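Look at the sequence and the model side by side. The paragraphs after them start from the inside of the protein and then turn to one helix.

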Amino acid sequence: MSTTRPFSPGDRGPEPSGASGASEGGVPGTGAAERGAPAAEASGGGAVPPLRPEESQASAEASAGRQVRRLDFADQSGVVPLARDFARQALYAWGWLPAATADQRAAAEDVLLVVSELVTNACLHAEGPDEMWIACDNKVIRVEVSDKGTGQPAPRTPHRSGRPGGHGMFIVQRLCLDWGVVRTPGVAGKTVWAELGAPA
């Protein structure tokens, strides 16, 4: 597995301490799952593994504090609003919404904007998204969008705010604690991930 970062790991603060795996066993035909998942060590070089199910369901459910939901985009239309609604429901379930303060409301809106940008990017540049994972612990929301595309998302440089289009990854870079791309050797496509912090 390889991760490509849009900048040097030390440029945006400390490296994430790890990521989580999620077990999805026996999900009914809803296309969504919620599970607790244990923290896993980041792989070599600061790469953060995706939230894919690689651990046993028993060990995943034994861990507390991390919640994961999955949305499958197969045969779905209107995937951007679908992804936003799915993320909004997760934010309500996890207590980020309804927001009690302006900072909490802004943090929730940032999550929804990042979801929109990642899914839109997959639609525009990678023939659409395959699935989205969203995970929450007490301080961080992690969003992952996988697709079959071979391209490399990157903020447009130099960024020109008056120019139409090309702002998606610039927005993601500005709003997120960290983001990157994970590719698995021998597997088509990629997973674009982003992490956002909870308000203080």
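A nonpolar core is a set of buried Ala, Val, Leu, Ile, Met, Phe, Trp, Tyr and Cys residues joined through side-chain atoms within 4.5 Å. Buried means under 20% relative accessible area, exposed over 50%, and partly exposed in between (1.4 Å probe, protein chains only). The model is predicted: local features need pLDDT of at least 70, side-chain atom pairs count only at pLDDT 80 or more, and totals for chains, interfaces and linings use all residues. Residues are numbered from 1 along each chain as its sequence is written, and side-chain values use heavy atoms, with hydrogens and water left out.

The largest nonpolar core has 34 residues, and Leu-118, Met-132, Ile-134 and Ile-141 have the most contacts inside it. Helix 3 (102-125) and strand 6 (129-136) are among the elements that each supply at least two of its residues. Helix 3 gives the largest share, 9 residues. Helices (H or I, at least four residues) and strands (E, at least two) are DSSP runs, numbered from the N terminus. The protein has 4 helices and 9 strands, and 43% of its 200 residues are buried.

The buried residues of helix 3 include Val-111, Leu-112, Val-115 and Leu-118. Among the elements that cover the buried residues of helix 3 are helix 2, helix 4 and strand 9. The expected span of a helix is 1.5 Å times one less than its number of residues. The 24 residues of helix 3 should therefore span 34 Å, and its end C-alpha atoms are 34 Å apart, which agrees. Glu-127, which follows helix 3, has a positive phi, near 60°.

Technical notes. Contact = heavy atoms within 4.5 Å.
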